[in-house]
Amino acid sequence: MKKDESYLKSPDLLPIAHKDRKIGTGGFAMMWVGMAVVLAAFAIGGAGVQSLSLTWVVAATIIGTLGIGLFITVIGDIGIEHGLSFPVYMRAPFGTIGTHIPSIVRGLAASFWFGINTYFGATAMNAILNVLFGFDNWFVCFLIFATLQLVNTALGIKAVERFADLAAPVIIIISVWMYASLSDQAVAQGREVWAWIESPVTGGAAVTAFLVVIFSNMGFWATISADIPSISRFIKAPKFERNWVKRNKGTLVGSMIALPITQTFMVIIGGVSYIAVSNYDPVVALQEAATGLVLGILLLMIVLAQWSTNVSANLVPAATIFSNVGGPKVPFWAGVFIAGIIGSVVQPWSLFNILIPILLIVGGILSAIVGILFADYYLLRKRRVNVPDLYEQNGQYRYMNGVNAAGFIAWVLGGLAAYFLSNYSFLVGFIVGAGTYFVLAKYWWFKKYEQAEMIDPSDEKYLGITVGRDWTIMSDSESHAVQEVGSALDERS
């Protein structure tokens with residue numbers, strides 16, 4: 001295998017053909033049910049009811065999740081249309097070498113989230129075993145829980161979907177039960193769940209608090225809206241469908257219906273938990289009220305939720321990114337275990353209170369990537385992509401030594417804007433990233449490095465599933481074989 005093929009043409013990174021897309025609309029929706037049950041969602045609810053009523057917190061959450069769901073679907077078209085993963089398409093706005101830097105930032109963030117969620121799930125698992133058998137060793141639970149998740153993900157995307165189908169109904173049922181239990185606790189203390197506010201605010205302060213809840217929900221899923229192509233490329237979609245909505249139905253149902261409903265319900269549980277015991281963590285709240293088998297069943301939801309979140313939202317994207325860096329020497333399954341090792345080595349149990357704020361800042365900074373992807377794919381290339389050159393060492397995406405300077409300048413400016421205006425990080429990062437990249441790429445960078453699909457925006461040459469095409473990329477060895485056969489035929493003639 002040649003060195004230039006080692007990371008550009010890894011088998012795990014080649015475009016996914018239509019026949020190999022295994023996730024249905026319902027399957028993706030079930031994946032969202034599992035992904036949205038995370039500690040951060042509970043925290044948004046707990047923080048929200050300190051200033052606003054739960055009714056207004058819910059309204060802000062619905063607005064925020066519908067907004068981020070739309071962004072996720074919009075960027076997901078890259079995977080639907082062309083079967084491309086996030087790190088591969090990033091070669092267009094960042095270059096064949098440059099793609100590694102923002103991709104690795106996302107891969108590390110996903111790995112750290114894996115560690116945090118695994119620790120959270122392991123404590124719940126330990127509590128269950130303690131209730132049932134008197135066992136008490138959270139670290140052993142951490143190792144067992146991490147291993148189960150890694151094996152599940154390493155088995156491939158279909159195994160991930162199957163687990164989501166199993167876990168989602170259980171999570172829904174137990175969530176309803178959890179809400180009822182926490183509401184009873186709040187009522188017992190004389191607190192009306194939908195009207196109680198810890199420190200009410202009015203006027204401009206209320207508007208600010210409302211906007212903070214909106215952008216907290218959007219910022220938390222900014223990372224997924226960037227690398228959603230790594231998942232959406234496996235979602236079933238119709239060939240020869242020019243209607244954007246019909247072509248993206250699978251991601252629309254998951255991201256615009258399943259995500260908002262599930263996220264809103266989790267925010268409600270976090271809010272009710274805070275109202276009941278002044279702690280947004282439902283595990284803490286329920287341990288004060290439930291005992292025995294009831295507590296064990298409630299904690300089981302936490303375990304299943306962290307598992308389904310990790311495999312879909314963290315391990316799949318991280319493994320795809322690490323595979324992009326390492327190529328055939330790092331197949332997908334190896335990338336999964338690399339993510340698991342990184343997420344464990346950082347010791348999330350010791351750095352829990354430090355890591356989450358850092359990761360939320362990173363999520364905001366990555367919102368600029370979403371803007372850059374939008375500008376590159378929709379505004380500049382108009383969904384047409386010279387896919388074969390994404391896999392060529394010296395193709396049009398090599399730019400200057402493998403780097404697209406326009407992408408990096410836009411990322412830095414968008415990331416800084418998101419950091420300094422952290423309450424509105426996603427929207428600010430997106431707008432600055434998209435606007436800066438569009439201007440720099442269109443009027444500067446692509447004047448120096450011409451892009452075939454922009455010069456000749458041909459549907460037949462540069463669209464994928466819309467024109468019924470499966471992109472087929474030959475390895476260097478296959479290309480050489482074809483050339484040798486051609487040469488032999490020429491000599492005979």
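1. A charge counts as sitting over a ring if NZ of Lys or CZ of Arg is within 6 Å of the ring centre and within 35 degrees of the ring normal. Lys442 does this with Tyr443, lying over the ring's face at 5.8 Å from the centre. Arg91 lies over the face of Tyr391, at 5.4 Å from that ring centre.

2. A word on what you're looking at: this is a predicted model, where local features need pLDDT of at least 70, side-chain atom pairs count only at pLDDT 80 or more, and totals for chains, interfaces and linings use all residues. Residues are numbered from 1 along each chain as its sequence is written, and side-chain values use heavy atoms, with hydrogens and water left out.

3. Searching the whole structure turns up 30 aromatic pairs (rings of Phe, Tyr and Trp, the last by its six-membered ring, with centres within 6.5 Å; planes under 30 degrees apart are stacked, over 60 edge-to-face, the rest tilted). One of them is Phe145 with Trp307, edge-to-face at 6.1 Å centre to centre and 80° between the planes. Phe145 sits in helix α8 (residues 138-154) and Trp307 in helix α16 (residues 292-326), so this pair ties together parts 162 residues apart in sequence. Helices here are DSSP runs (H or I, at least four residues), numbered from the N terminus.

4. Are those two buried or exposed? Phe145 is buried at 0% relative accessible area, and Trp307 is buried at 15% (buried is under 20%, exposed over 50%, partly exposed in between, with a 1.4 Å probe and protein chains only).

5. Trp444 and Trp445 have ring centres 5.0 Å apart and planes at 70°, so they pair edge-to-face. Trp444 is partly exposed at 33%, whereas Trp445 is buried at 1%.

Key. Helices (H or I, at least four residues) and strands (E, at least two) are DSSP runs, numbered from the N terminus.
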